Amino acid sequence: MSAWPVRYERMFDMTNDSHRFRTRRELEEKEGAWHIGGNLYDSPAGRFVPLYEGKMVQAFDHRAASVVVNPDNVHRPGQPVAASDAQHGNPDWVPDPQFWVPESDVEEARDYALAFKDVTATTNVRTMIAALIPRSGAGNTLPLILPGAGGTPPAAFWALAVANLNALVFDFIARQKFQSQHLNWFIVEQLPVVPPDLYDAVSFGPKTAADILWEVVLELMYTASDMASFAKALGQVDEAGNVLPPFPWDEDRRLRLCAKLDALFFHLYGVTDRDDVRHIYSTFPIVERQEKKAFGTYRSRDLSLAYLNALTAGHPDAEPIV
């Protein structure tokens, strides 16, 4: 990603750094800690923040699952429990991690970071899965992409980056390079990303690609109160400068937004032949089966094809009926 001023970091190793981790019981019984809201603890030694793992995250969703420990499962005691619709719909709900780490060990002075799932496969629903996570620890199954030399890029930069990583066409390319169960950095840094200046250079009617993506990513990522700093940085504020409430969690709306994002990236990658788009969608058979069972049609593909036409015609705010 030489065009993007970023660097890769594995913040905590789940084995080598385990002496720095604390369970909820250890926090309360050994550290004298007390819950201060969300998934944060304070203690005489300072604040503790959650340790996010790859199993807790999905595309544009840092609240995909909590981790529940089953001590009888010796080899894999910490298992994800998917967030319910009610939990996703509560902007103040946060997932429970397996461990917490001292906030002082989270070196980066940042409110959020771009993370992606390390453990994956080309046979999964998706191969590249990325999200922005709030200030917290992150285990080696959830490596981070952080600012490189030259200072911290603005929120708009990270919105474009997470959009690119979650684009279907990017995932399609990643599957051609990926051959194991770990999405290592040497693979990710070779994948073709959209140059940052192209987002402002390409327009669809009255809006640039950047304008459209900022709106889409803001709505997809800002469904929880702990991402308020990201929303504020993107200008989601009232006249007094106070950040507006999070967007409601709506599965149908999110599917439409992701289809619109995919259509836009098909344009940016130069894939505008409709048969080519259909072929790329056909290489994600699990998604196709799930959607045909739920909707009777491959809805994200059909929506993306509709948005592809709308964007070509210069109507970025069109809402196709599919």
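The lining of the largest pocket divides into 20 nonpolar, five polar and seven charged residues. Here Ala, Val, Leu, Ile, Met, Phe, Trp, Tyr, Cys and Pro count as nonpolar, Asp, Glu, Lys and Arg as charged, and the others, Gly among them, as polar. The model is predicted: local features need pLDDT of at least 70, side-chain atom pairs count only at pLDDT 80 or more, and totals for chains, interfaces and linings use all residues. Residues are numbered from 1 along each chain as its sequence is written, and side-chain values use heavy atoms, without hydrogens and water.

The space in this largest pocket is about 950 Å³. Its lining has 32 residues, and Ala59, Val125, Glu251, Cys258 and Gln290 are the closest to its centre. A pocket is an open set of points on a 1 Å grid over the protein atoms alone, where a 1.4 Å probe fits, with protein on both sides within 12 Å along at least five of seven lines; lining residues have an atom within 4 Å of a point. Grid points are joined across faces, edges and corners, and a volume is the space filled by probe spheres set on the points. α9 gives the most to the lining of the largest pocket, six residues. Helices (H or I, at least four residues) and strands (E, at least two) are DSSP runs, numbered from the N terminus.

The second largest pocket holds about 530 Å³ of space. It is lined by 18 residues, with Glu53, Lys55, Arg76, Gly78 and Thr141 nearest its centre. Six residues of this lining are nonpolar, seven polar and five charged.
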